[in-house]
Amino acid sequence: ADELAYTAHDLDDGLRSELITPPQLAGMPIWEMLLEKFRFHESEFDELYRHLLIRYLIDTMVTDLLDSTNQRLQASNATSAKELQLLSNNMVALSDKTAEMFSELKSFLYQNFYNHYQVTRMQVKADHILSDLFEIYTRHPEILPLHIQSLADTSHYYRTLCDYIAGMTDRFALQEHNKLFNPYTHT
(Lines give C-alpha, C1' and ligand atoms only; values in the text may rest on other atoms or scores of the structure.)
Protein backbone atom coordinates (compact mmCIF):
# COMPACT_ATOMS: atom_id res chain seq x y z
CA ALA A 1 0.00 0.00 0.00
CA ASP A 2 2.86 2.37 0.81
CA GLU A 3 4.50 1.74 -2.53
CA LEU A 4 1.24 2.46 -4.35
CA ALA A 5 0.68 5.68 -2.42
CA TYR A 6 4.28 6.87 -2.72
CA THR A 7 4.37 6.24 -6.46
CA ALA A 8 1.07 8.03 -7.04
CA HIS A 9 2.18 10.98 -4.91
CA ASP A 10 5.52 11.10 -6.69
CA LEU A 11 3.65 11.35 -9.98
CA ASP A 12 1.58 14.13 -8.40
CA ASP A 13 4.75 15.93 -7.26
CA GLY A 14 6.28 15.57 -10.71
CA LEU A 15 3.20 16.99 -12.41
CA ARG A 16 2.79 19.78 -9.86
CA SER A 17 6.43 20.82 -10.21
CA GLU A 18 6.15 20.50 -14.00
CA LEU A 19 9.24 18.31 -14.08
CA ILE A 20 6.79 15.85 -15.65
CA THR A 21 4.24 17.05 -18.20
CA PRO A 22 1.13 15.30 -19.54
CA PRO A 23 2.61 14.96 -23.06
CA GLN A 24 5.48 12.93 -21.59
CA LEU A 25 2.94 10.44 -20.23
CA ALA A 26 1.04 10.09 -23.51
CA GLY A 27 0.82 6.51 -24.69
CA MET A 28 1.44 4.96 -21.27
CA PRO A 29 -1.46 2.58 -20.56
CA ILE A 30 -1.93 3.88 -17.02
CA TRP A 31 -2.11 7.49 -18.24
CA GLU A 32 -4.47 6.60 -21.07
CA MET A 33 -6.73 4.82 -18.56
CA LEU A 34 -6.86 8.01 -16.47
CA LEU A 35 -7.56 10.20 -19.50
CA GLU A 36 -10.37 7.88 -20.60
CA LYS A 37 -11.97 7.91 -17.15
CA PHE A 38 -12.16 11.70 -16.96
CA ARG A 39 -12.55 12.35 -20.69
CA PHE A 40 -10.45 15.45 -20.88
CA HIS A 41 -7.77 16.57 -23.26
CA GLU A 42 -4.23 17.13 -22.02
CA SER A 43 -4.53 20.82 -22.98
CA GLU A 44 -7.23 21.11 -20.28
CA PHE A 45 -4.91 19.73 -17.61
CA ASP A 46 -5.02 21.85 -14.46
CA GLU A 47 -4.72 21.44 -10.71
CA LEU A 48 -8.24 20.06 -10.33
CA TYR A 49 -7.68 17.39 -12.98
CA ARG A 50 -4.31 16.54 -11.47
CA HIS A 51 -5.93 16.07 -8.07
CA LEU A 52 -8.75 13.93 -9.50
CA LEU A 53 -6.35 11.80 -11.54
CA ILE A 54 -4.09 11.05 -8.58
CA ARG A 55 -7.04 10.18 -6.32
CA TYR A 56 -8.49 7.93 -8.99
CA LEU A 57 -5.09 6.33 -9.61
CA ILE A 58 -4.71 5.46 -5.92
CA ASP A 59 -8.29 4.19 -5.73
CA THR A 60 -7.83 2.06 -8.86
CA MET A 61 -4.58 0.54 -7.63
CA VAL A 62 -5.88 -0.22 -4.13
CA THR A 63 -9.11 -1.69 -5.50
CA ASP A 64 -7.14 -3.86 -7.91
CA LEU A 65 -4.84 -4.99 -5.10
CA LEU A 66 -7.79 -5.96 -2.90
CA ASP A 67 -9.69 -7.71 -5.70
CA SER A 68 -6.64 -9.55 -6.98
CA THR A 69 -5.65 -10.61 -3.47
CA ASN A 70 -9.15 -11.86 -2.78
CA GLN A 71 -9.11 -13.90 -6.00
CA ARG A 72 -5.75 -15.44 -5.09
CA LEU A 73 -6.93 -16.27 -1.58
CA GLN A 74 -10.06 -17.95 -2.93
CA ALA A 75 -8.09 -19.91 -5.52
CA SER A 76 -5.50 -21.05 -2.97
CA ASN A 77 -8.07 -23.03 -0.95
CA ALA A 78 -5.90 -22.33 2.10
CA THR A 79 -7.75 -22.73 5.38
CA SER A 80 -5.20 -21.22 7.75
CA ALA A 81 -2.48 -18.61 7.95
CA LYS A 82 0.09 -21.40 8.16
CA GLU A 83 -1.12 -22.88 4.85
CA LEU A 84 -0.86 -19.42 3.25
CA GLN A 85 2.71 -19.03 4.49
CA LEU A 86 3.68 -22.34 2.90
CA LEU A 87 2.44 -21.32 -0.55
CA SER A 88 5.12 -20.61 -3.15
CA ASN A 89 3.57 -17.39 -4.46
CA ASN A 90 2.49 -14.15 -2.83
CA MET A 91 -1.16 -13.78 -2.13
CA VAL A 92 -1.12 -10.00 -1.81
CA ALA A 93 -0.33 -8.60 -5.24
CA LEU A 94 -1.74 -6.52 -8.05
CA SER A 95 -3.30 -8.23 -11.04
CA ASP A 96 -0.84 -8.95 -13.82
CA LYS A 97 -2.22 -6.17 -16.05
CA THR A 98 -2.16 -3.54 -13.31
CA ALA A 99 1.25 -4.70 -12.06
CA GLU A 100 2.64 -4.19 -15.57
CA MET A 101 1.16 -0.67 -15.79
CA PHE A 102 2.44 0.15 -12.30
CA SER A 103 5.91 -1.13 -13.15
CA GLU A 104 5.97 1.00 -16.30
CA LEU A 105 4.95 4.05 -14.25
CA LYS A 106 7.71 3.41 -11.71
CA SER A 107 10.29 3.04 -14.50
CA PHE A 108 9.06 6.26 -16.04
CA LEU A 109 9.37 8.07 -12.69
CA TYR A 110 12.94 6.81 -12.23
CA GLN A 111 13.97 7.98 -15.67
CA ASN A 112 12.10 11.29 -15.73
CA PHE A 113 11.63 12.41 -12.15
CA TYR A 114 13.86 10.76 -9.53
CA ASN A 115 16.90 11.17 -11.80
CA HIS A 116 15.90 14.60 -13.13
CA TYR A 117 18.84 16.96 -12.81
CA GLN A 118 16.87 19.42 -10.67
CA VAL A 119 15.86 16.68 -8.23
CA THR A 120 19.46 15.43 -8.16
CA ARG A 121 20.69 18.96 -7.39
CA MET A 122 18.27 19.23 -4.49
CA GLN A 123 19.43 15.84 -3.19
CA VAL A 124 23.07 16.97 -3.31
CA LYS A 125 22.16 20.13 -1.39
CA ALA A 126 20.20 18.15 1.20
CA ASP A 127 23.10 15.70 1.65
CA HIS A 128 25.46 18.63 2.16
CA ILE A 129 23.21 20.27 4.75
CA LEU A 130 22.70 17.04 6.72
CA SER A 131 26.41 16.19 6.63
CA ASP A 132 27.31 19.70 7.81
CA LEU A 133 24.84 19.49 10.69
CA PHE A 134 26.06 16.07 11.78
CA GLU A 135 29.69 17.14 11.61
CA ILE A 136 29.27 20.36 13.59
CA TYR A 137 27.07 18.71 16.21
CA THR A 138 29.65 15.96 16.58
CA ARG A 139 32.51 18.40 17.04
CA HIS A 140 30.55 20.88 19.16
CA PRO A 141 27.85 19.14 21.22
CA GLU A 142 27.58 22.29 23.35
CA ILE A 143 25.55 23.97 20.55
CA LEU A 144 22.82 21.34 20.76
CA PRO A 145 19.65 21.75 22.82
CA LEU A 146 20.17 20.72 26.44
CA HIS A 147 18.09 17.55 26.20
CA ILE A 148 20.31 16.33 23.36
CA GLN A 149 23.49 17.46 25.11
CA SER A 150 22.51 15.38 28.13
CA LEU A 151 22.89 12.29 25.97
CA ALA A 152 26.39 13.26 24.78
CA ASP A 153 28.10 11.04 27.34
CA THR A 154 26.14 7.91 26.45
CA SER A 155 27.33 5.19 24.13
CA HIS A 156 24.35 5.92 21.88
CA TYR A 157 25.25 9.54 21.21
CA TYR A 158 25.67 9.15 17.44
CA ARG A 159 22.36 7.31 17.15
CA THR A 160 20.69 10.06 19.20
CA LEU A 161 22.29 12.68 16.99
CA CYS A 162 21.10 10.91 13.84
CA ASP A 163 17.58 10.65 15.29
CA TYR A 164 17.63 14.34 16.22
CA ILE A 165 18.62 15.36 12.69
CA ALA A 166 16.20 12.89 11.09
CA GLY A 167 13.38 14.39 13.16
CA MET A 168 13.98 17.87 11.77
CA THR A 169 11.58 19.29 9.23
CA ASP A 170 13.16 20.53 6.02
CA ARG A 171 12.53 24.11 7.08
CA PHE A 172 14.07 23.64 10.53
CA ALA A 173 17.16 21.90 9.09
CA LEU A 174 17.64 24.78 6.63
CA GLN A 175 17.21 27.36 9.38
CA GLU A 176 19.60 25.49 11.66
CA HIS A 177 22.20 25.22 8.88
CA ASN A 178 21.82 28.91 8.13
CA LYS A 179 22.23 29.84 11.82
CA LEU A 180 25.34 27.71 12.16
CA PHE A 181 27.10 28.44 8.87
CA ASN A 182 25.97 31.91 7.76
CA PRO A 183 28.04 34.51 9.66
CA TYR A 184 25.38 37.17 9.07
CA THR A 185 22.59 35.20 10.74
CA HIS A 186 22.10 35.75 14.45
CA THR A 187 20.96 32.91 16.66
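The model is a predicted one, in which local features need pLDDT of at least 70 and side-chain atom pairs count only at pLDDT 80 or more, while totals for chains, interfaces and linings use all residues. Residues are numbered from 1 along each chain as its sequence is written, and side-chain values use heavy atoms, with hydrogens and water left out.

Helix H6 covers residues 96-114; helices here are DSSP runs (H or I, at least four residues), numbered from the N terminus.

On H7 (residues 117-139) sits Asp-132. Asp-132 is buried but has no salt bridge, meaning a side-chain nitrogen of Lys or Arg within 4 Å of a carboxyl oxygen of Asp or Glu. The nearest side chain of opposite charge (Lys and Arg count as positive, Asp and Glu as negative; His and the chain ends are not counted) is Arg-139, 7.6 Å away. Leaving aside residues up to four places away in sequence, Asp-132 touches His-177 and Phe-181, contact being heavy atoms within 4.5 Å.

Ile-136 is also in H7, and counts as buried because its relative accessibility is 13%. With the sequence neighbours up to four places away again set aside, Ile-136 touches Ile-143, Leu-180 and Phe-181.

Conventions. Helices (H or I, at least four residues) and strands (E, at least two) are DSSP runs, numbered from the N terminus. Buried means under 20% relative accessible area, exposed over 50%, partly exposed in between (1.4 Å probe, protein chains only). The expected span of a helix is 1.5 Å times one less than its number of residues.
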